[in-house]
Amino acid sequence: MDFSETLIAKSDAILDQWVEAVYQDQEIEATNELTFKAVRDSLPRVLKALATVLSESATSDLQTVVDASLEHGTLRAQQGFEPAEIAREYRLLRFVIFSFLEEDLLQGSAQEVLRAVRLIDTVIDEAIARCFNSYTQGRLQELKQLQSQLRLTNQELTRLVRANKDSLSHLAHELKTPLTSIIGYADLFLRQQRQQPELKDTYTNLESIERVLKSGRLLVRLINDTLEISRYDAGQMKFQPTLTDVRSLINFVLEMIEPLARAKELSLVVECDRAPSQLITDPLRLQQILTNLLSNAIRYTESGSIHLECWTVSQQQ
C-alpha cells in the first residue's frame, strides 16, 4: 500500500487537528498570543515532504523536510517558545499523524506497516533535530543582540552619569557665587547694626537677618557637600586635618540644627563637658558627621528629646 496518498489526502485535517491539539495543551503557553496561521507556519511543507518519503514511486524530498524544520525552529525562537514546548509540538504531530493513518495501516502488510512507521519516525526525528538546531542558533543570535544592546545601554548610562556629575558640579559652582555675595552683605549689615547703636534696627529685623545669614551658610555647606560627593566618586576627595576647637564646632552645629528641633517641638540635651577642647581632625568632615547624625535623629523622632554626649576615649580602650 502507498500510504503517501492517504497522507496527502488527509493533510489538511491532520494540520487542523494538530493545531487544535497544540492550543489545548496547557504546557505550551507560547501559543496563547499566536494566531492559527502563526502556529501552523511551515508544517504543511513538512507533511508534503513526508509524503514523498513514504511514496515508493516519487522521489524522496528529504531536503524540504530539512529546510522547513530549520524555518520552523527559527520562527519558534522568534515567537519565544521554550525547547520543551517545541518537543511537545512534535510529539503531538507524531500522535495525530498515526491517528489519521491508523485505519490504513491496519489494512497493510506487516512489512508495509513497519516501513511506513520507520520512515515517519525517521522524518519526524530529523525534523526535530533540525528544528532544535535552528532554534538554538536563533536564541544565540538573540543573546548576542541583547548583549550588544546592554553594552550600548551601559555606555550611555556611563555617559549620562558623567554628564550629570559635570552638570551638578557646574551648577554648584554657579550657585556658590550669588550665595557667597548674599552672605557677605548680610554679615556686613548685621555687624553695622551691632557696632553702630544709632543705626540699631528692631530685634525682629535683626533676627530675620540672622536667619538669612545662617540659611545662606547652610546652603553653601550643602553645595560643598555635593561637590565633595562628586570628588569622592571621582576619587579626588582630600582630607585636611588641622587643630580644631571641638566644642566651638559642636556649638556651631547645634545652632544650625536647633531650628529643626524647635519646629518639631523636640528638646536638645547636650552633655559635652567631657569632650576634648582641641582635636586634630578635618573640621568640615566632623561637622558633616555631627550634622547628619543630629538631622537624622530629629527626622525620625516624633516626640521627646535628642541627646548628644561627648567624651574622650582613653588609649587603653
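**Close-up 1. Contact of helices α5 and α6.** Ser 69, His 72 and Arg 76 of α5 are in contact (heavy atoms within 4.5 Å) with Ile 86, Glu 89 and Tyr 90 of α6. These residues divide into two nonpolar, two polar and two charged. The model is predicted: local features need pLDDT of at least 70, side-chain atom pairs count only at pLDDT 80 or more, and totals for chains, interfaces and linings use all residues. Residues are numbered from 1 along each chain as its sequence is written, and side-chain values use heavy atoms, without hydrogens and water.

**Close-up 2. Geometry of the α5 and α6 pair.** Helix α5 (residues 62-79) packs against helix α6 (residues 83-107) at an angle of about 140°, and their axes are 11 Å apart. The two helices are therefore oblique to each other (angles under 35 degrees count as roughly parallel, over 145 as roughly antiparallel, 65 to 115 as roughly perpendicular and the rest as oblique). Their crossing is right-handed.

**Close-up 3. Packing of helix α4 on α5.** Helix α4 (residues 43-54) and α5 pack at about 160°, with axes 8 Å apart; α4 and α5 are therefore roughly antiparallel. The crossing of α4 and α5 is left-handed. Contributors to the contact include Leu 43, Val 46 and Leu 50 of α4 and Val 65, Ala 68 and His 72 of α5. By class, the contact of α4 with α5 has six nonpolar, three polar and three charged residues.

**Close-up 4. Arg 76 and Phe 81.** Arg 76 lies over the face of Phe 81, 4.5 Å from the ring centre (a charge sits over a ring if NZ of Lys or CZ of Arg is within 6 Å of the ring centre and within 35 degrees of the ring normal).

Definitions and conventions
Axes are lines fitted to C-alpha atoms, for helices over the stretch in contact, and angles run from 0 to 180 degrees between N-to-C directions. Helices (H or I, at least four residues) and strands (E, at least two) are DSSP runs, numbered from the N terminus. A crossing is left-handed if the near helix is turned anticlockwise from the far one by less than a right angle, and right-handed if clockwise. Ala, Val, Leu, Ile, Met, Phe, Trp, Tyr, Cys and Pro count as nonpolar, Asp, Glu, Lys and Arg as charged, and the others, Gly among them, as polar.
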